[in-house]
Amino acid sequence: MPYDRPDVDAAGIEGYHAHVYYDPETRAVAERVRAGIGSHFSVRLGRWHDKPVGPHPVSMYQVAFSVEDFPRLVPWLMLNREGLSVLIHPETGNEYDDHARFAGWLGQPIALRLETLRKGTRERSLAGRVIRQEAS
Ligand SMILES: [Zn+2]
């Protein structure tokens, strides 16, 4: 089958987030996973959100990491997430697509509150970049 679909260019990925979800019963597990991340990687560890925030319907903290860290951090999370649900999404400048279209899950997916996210601005979306590349 011929591949005739315009690619979304992965070069537009500026970085990644991992969102590590927990609940009151698994908070201690989430603390252990966070300590492991902090001891192995130089990433930005977001603060604890014990209350739902934005599209995240349950407690979580965010891990912000670079494109270069992806091939080490994501496999580490695959092996060491201790049963927690983890959302991995790229940062493309379009927060809706980042969470709704481009995200992947480790463990059990959680239904996000996508209605809290901006539908992406076209000029910063990857689709916009592809169109401009084709025109030049
Ligand atoms: Zn995020």
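**A first look at the strands**

Author: Helices (H or I, at least four residues) and strands (E, at least two) are DSSP runs, numbered from the N terminus. Before we go on, this is a predicted model: local features need pLDDT of at least 70, side-chain atom pairs count only at pLDDT 80 or more, and totals for chains, interfaces and linings use all residues. Residues are numbered from 1 along each chain as its sequence is written.

Reader: Thanks! How many helices and strands does the protein have?
Author: There are four helices and five strands. Along the sequence the pattern reads β-α-β-β-α-β-α-β-α.

Reader: And in what order do the five strands sit in the sheet?
Author: The order is E2-E3-E1-E4-E5, in an open sheet with antiparallel pairing. Two strands pair if DSSP finds at least two bridges between them. At the edges are E2 and strand E5 (104-106), each pairing on one side only.

Reader: How many bridges join E2 to E3?
Author: Two bridges, and these strands run antiparallel. Arg44 stands opposite Ala64 in E3. E1 and E3 are joined by six bridges, also in the antiparallel sense.

Reader: Is E4 largely enclosed or open?
Author: Five of the six residues of E4 are buried, so this strand is largely enclosed by the rest of the structure. A residue is buried if 20 or more other C-beta atoms lie within 10 Å of its own, exposed if 12 or fewer, and partly exposed in between, with C-beta atoms placed from the backbone.

Reader: Got it. What share of the whole protein counts as buried?
Author: Of its 136 residues, 23% count as buried.

Reader: Let's switch to helix H1. How many residues does it have?
Author: H1 covers residues 27-40, which is 14 residues. From first C-alpha to last it reaches 20 Å, close to the 20 Å expected at 1.5 Å a residue. That expected span is 1.5 Å times one less than the number of residues.

Reader: Which residues of H1 are buried?
Author: Ala30, Val33 and Ile37. Seen down the axis of H1, the buried residues fall within an arc of 65°, so they line one face of the helix. The arc is that of the directions from the helix axis to the C-beta atoms. The face turned away from the buried side carries the exposed residues Ala28, Ala35, Gly38 and Ser39.

Reader: What covers the buried residues of H1?
Author: The cover includes strand E1 (15-21), strand E2 (44-45), strand E3 (60-65) and helix H2 (70-80).

Reader: Nice. Which residues touch the most other members in the largest nonpolar core?
Author: Ala18, Val20, Tyr22, Leu84 and Val86, out of 18 residues in that core. E1, H1, E3, H2 and E4 each supply at least two residues of this core. A nonpolar core is a set of buried Ala, Val, Leu, Ile, Met, Phe, Trp, Tyr and Cys residues joined through C-beta atoms within 7 Å.

Reader: Now a new spot: where is Glu68?
Author: Glu68 is in the loop between E3 and H2. Glu68 counts as exposed because it has 9 C-beta neighbours inside 10 Å. Glu68 and Gly15 are 53 residues apart in sequence and 8.5 Å apart in space, C-alpha to C-alpha.

Reader: And where is Gly15?
Author: Gly15 is in strand E1. Among the residues that Gly15 touches are Phe65, Val67 and Glu91.

Reader: Last one: what is the phi of Glu82?
Author: Glu82 has a positive phi of about 55°, although it is not a glycine. Most residues other than glycine have a negative phi. Glu82 lies in the loop between H2 and E4.

How values were computed
Two residues are in contact if their C-beta atoms, placed from the backbone, lie within 7 Å. Lists of a residue's contacts leave out its neighbours within four places in sequence.
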